[in-house]
Amino acid sequence: HWIGELKSQTHPLQALQKLREFIPAVKANPASFVKRFGANGGIDHLIKMTSFNQGGDDLRESFLLSIKAILDAPNDVGFNVISTHSHIINVIVNMFESNTPKTKIVCVQIL
């Protein structure tokens, strides 16, 4: 369900809203949700959300909070999903260049 929701986003404000809805969904679901999300390419769709030029810092912050929610999944499931992805760490590090302190703080919390 969530992969389809994220994949279908074509407008930055809608993408931002979906990310904001995704964060509590990750927290409310069991670790198996995170595992399935990662196994089905969900991280790639999250990364795609960051490609919108509009939406700026709010979109980046919601993306990072989504990653943080995934990392918080029990039993290192989220850590395994993130650490085995080919380029998610580069995306996170690139966001550290933001001028917004809150975005930088979330980057540091993740890394």
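Predicted model: local features only at pLDDT ≥ 70, side-chain atom pairs only at ≥ 80, totals over all residues.

Colleague: How many aromatic pairs does the count come to?

Modeller: The count comes to four aromatic pairs. In one of them, the rings of F22 and F37 have centres 5.0 Å apart and planes at 40°, so this pair is classed as tilted. The pair links distant parts of the chain, since F22 sits in helix α2 and F37 in helix α3, 15 residues apart.

Colleague: And F33 with F37, how are those rings arranged?

Modeller: The centres of the F33 and F37 rings are 6.3 Å apart and their planes are at 20°, which falls under the 30 degrees cut-off, so that pair counts as stacked. Both residues belong to helix α3, four residues apart, about one turn of the helix.

Colleague: Are F33 and F37 buried or exposed?

Modeller: F33 is buried, with a relative accessible area of 11%, and F37 is buried as well, with a value of 4%.

Colleague: Let's go to the helices, then. At what angle do α2 and α3 pack?

Modeller: Helix α2, residues 12–28, and helix α3, residues 31–39, pack at an angle of about 125°, and their axes are 7 Å apart. The two helices are therefore oblique to each other.

Colleague: Which residues make that contact?

Modeller: On the α2 side the contact is made by F22, A25 and V26, and on the α3 side by F33, V34 and F37. Sorted by class, the contact of α2 with α3 has six nonpolar residues, with no polar and no charged ones.

Colleague: Why is α4 described as largely enclosed?

Modeller: Helix α4 covers residues 42–49, and six of its eight residues are buried, so the helix is largely enclosed by the rest of the structure. The buried residues are G42, I43, H45, L46, I47 and M49, and the buried residues of α4 pack against α1 (2–7), α2, α3, α5 (56–71), α6 (77–83) and α7 (88–95).

Colleague: There's a histidine in that list; what does H45 touch?

Modeller: H45, which lies in helix α4, touches I3, L6 and K7 when residues up to four places away in sequence are not counted. With a relative accessible area of 16%, H45 is under the 20% cut-off and so counts as buried.

Colleague: Zooming out, how many residues are in the largest nonpolar core?

Modeller: The largest nonpolar core has 36 residues, and those with the most contacts inside it are F22, I43, L46, F63 and I70. Helices α1, α2, α3, α4, α5, α6, α7 and α8 (101–110) each supply at least two residues of this core, and α2 gives the most, with seven.

Colleague: Take I70 from that list. What is I70 in contact with?

Modeller: If its neighbours within four places in sequence are left aside, I70 is in contact with F22, V26, V34, F37, I43, L46, G78 and I82.

Colleague: Changing topic, where does D72 lie, and is D72 buried or exposed?

Modeller: D72 lies in the loop between α5 and α6, and at 51% relative accessibility D72 counts as exposed. D72 and I82 are ten residues apart in sequence, and their C-alpha atoms are 11 Å apart in space.

Terms used:
Residues numbered from 1 in each chain as written. Heavy atoms only, no water. Axes fitted to C-alpha atoms, helices over the stretch in contact; angles between N-to-C directions. Parallel < 35°, antiparallel > 145°, perpendicular 65-115°, else oblique. Contact = heavy atoms within 4.5 Å. Nonpolar A, V, L, I, M, F, W, Y, C, P; charged D, E, K, R; others polar. Buried < 20%, exposed > 50% of the residue type's maximum accessible area, 1.4 Å probe, protein only. Core = buried A, V, L, I, M, F, W, Y, C linked by side-chain atoms within 4.5 Å. Phe/Tyr/Trp six-rings, centres within 6.5 Å; stacked < 30°, edge-to-face > 60°.
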